[in-house]
Structures are given as C-alpha cells and as structure tokens.
Amino acid sequence: MVIRDLFVAGTETTSTTIRWILVYLLSNPDVQEKCFQEIKEHIGQSRRPTMKDKTNLPYVEATIMEALRLSDIVPTALPHAVPHDVQFRGYTFPKGVQVIVMLDSVLQDPDVWGDPESFRPDRFLDDSGKIIKKEEFIPFSLGRRVCLGESMARMELFLFLTTMIQRFKFVPVDGQMPSLDGLIGITHYPRPFVMKAIQRI
Ligand code: HEM
C-alpha cells in the first residue's frame, strides 16, 4: 500500500507539472532561452545534468519554482480533520470536522506576489541571482502532512527539465499558443496542446 501511495501521489503530479512548465516555456521563449544559456554555460551539451549541478543553475530552479507557484496543481491540498476542538480567529472547529485549506489563496495572493498571474521566474532571485526562499511558496503544502515526496519531486523536475532544455528547443506549431487556463480534475492540469521539440544537438 505504501508503494501504491507513492505511485498514485507521485506520478500524475510530477508529469502535470512538467506539462505546465512546457506551456510556460512556449509562452515565454525568453525564459526558455535563459534556462538553455545557463545550462550551456555550466554543464555544456556533452554530458547529462546531475543533482550536483543544481547550485549552479539558479535561473532554472527559479523557473521550476515559478511554474509550481503559478500552475498550482493541487489548489486545495488534501482534506484533513481536526483531532480536537480548535479555536481559530473567533471560530470553533469541532473535533473531527473536515478542513480544506486553499493553497491557491497563498500562491496567488496579490499582497504577497504583486502580479501573481504573471509567469516571472525573477521573483525568486535576488539582485545577485541567488534563490530567494519565500515562506508563501507552498505548492507542496506545509506542516505535519506536507507532501511526502517534495524533495523527490523537486529532484525529478530539475533532472527532467534540465535534460529536456539541454537537448531540445520547444516551439509552438503554426503559431498556436497553448491555453494558460487549465482544467480541474484530480489536479489542475493544462488543456491538450501541440508543440514541436527541435533537437539542439
Ligand atoms: C510537483 C509534484 C508534487 C506536488 C505539487 C505535490 C503536492 C502535494 C500536496 C499539496 C499534498 C497535500 C498536502 C496536504 O494535505 O497538506 C501532497 C501530499 C502527498 N504527496 Fe505530493 N506532490 C508532488 C509530488 C509527489 C511525489 C513525487 C510523491 C511521492 C513519490 C508525493 C507523495 C505524496 C504523499 C504520500 C502525500 C500525502 C502525505 C500525507 O497525507 O501525509 N507527492 N502532495
């Protein structure tokens, strides 16, 4: 059952995030080019990226973080229940009541992000190009029931994306841009789209 849980929770989430990243790269060719240049400078094109490269690729990391924030693939996290009566901001949550947290109220909060609807990886970089850790960046939720696979997902996203961008340029077909409005199912996922992957090497 544990292995089944990891497959169920870890497959659709990671692949959906990769599809969103492709949507954002098609719509923001400048971001795709900056990621490619960073990969070319620090890894080159003759060997595969490894996790050791991560510290040298802050722009790629910021792009992944911005995609996780904007795509907001699990907007309501998972339902939980309070184990005992809880007082919160004048409300009483009786023992056993179901609580659904809205991650999107944080990930898309204009007071936190300014322009939450824009895809702007730079918001996660400081003036010297280093990653800024923001406590409101919670695509994996937080607390005791935070996503169990966060570090694995972030590793997978980094290795997949750097390898894909290192080897291919992703472009729209006949100027058809993918929709930025997703659909809601088990996750918030992009509408079907077509693209061309042009080999770089
Ligand atoms: C981009 C990829 C992923 C995202 C955005 C994501 C997000 C989330 C979120 C928001 C939750 C709900 C946390 C809560 O209820 O407060 C969750 C739970 C969970 N995730 Fe992920 N996840 C991802 C990938 C993975 C992977 C790769 C695995 C495992 C290999 C995984 C395993 C789990 C498990 C087991 C739970 C339930 C944890 C619990 O209830 O204690 N996830 N995930």
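In which loop is Asp-72 found? In this predicted model, in which local features need pLDDT of at least 70, side-chain atom pairs count only at pLDDT 80 or more, and totals for chains, interfaces and linings use all residues, Asp-72 is found in the loop between α3 and β1 (80–81). Residues are numbered from 1 along each chain as its sequence is written, and side-chain values use heavy atoms, with hydrogens and water left out. Helices (H or I, at least four residues) and strands (E, at least two) are DSSP runs numbered from the N terminus.

Asp-72 has a phi near 50°, a positive value in a residue other than glycine, and its relative accessible area of 7% is why Asp-72 counts as buried, where buried means under 20% relative accessible area, exposed over 50%, and partly exposed in between, with a 1.4 Å probe and protein chains only. Ser-71, placed in helix α3 (residues 58–71), is likewise buried because its relative accessibility is 1%. The side chain of Ser-71 reaches the backbone oxygen of Ala-67 at 2.6 Å, a distance to be read against the criterion for a polar contact, namely a pair of N or O atoms within 3.5 Å, for which, within protein, one atom must be able to donate a hydrogen and the other to accept it, and residues adjacent in sequence count only if both atoms are side-chain atoms. A positive phi near 50° is also found at Asp-174, again a residue other than glycine; Asp-174 lies in the loop between β5 (168–172) and β6 (183–184) and counts as exposed because its relative accessibility is 74%.

The ligand sits in the largest pocket. A pocket is defined on a 1 Å grid over the protein atoms alone, as an open set of points with protein on both sides within 12 Å along at least five of seven lines, and a molecule sits in a pocket if more than half of its atoms lie within 2 Å of its grid points. The ligand is surrounded by 23 residues, the closest being Leu-78, His-80, Ser-141, Arg-145 and Cys-147, where a residue is near a molecule if one of its heavy atoms lies within 4 Å of it. By class, this shell comprises 14 nonpolar, seven polar and two charged residues, with Ala, Val, Leu, Ile, Met, Phe, Trp, Tyr, Cys and Pro counted as nonpolar, Asp, Glu, Lys and Arg as charged, and the others, Gly among them, as polar. Helices α1 (2–27) and α6 (150–167) each supply at least two residues of the shell, and α1 gives the most, with six residues.

The iron atom of the ligand has Cys-147 (SG), at 2.3 Å, as its only protein donor; donors are N, O and S atoms within 2.8 Å of the metal (3.2 Å for Na, K and Ca), and water is not among the atoms, so sites may look incomplete.

Terms used. On a 1 Å grid over the protein atoms alone, a cavity is a set of points where a 1.4 Å probe fits but cannot get out, and a pocket is an open set with protein on both sides within 12 Å along at least five of seven lines; lining residues have an atom within 4 Å of a point.
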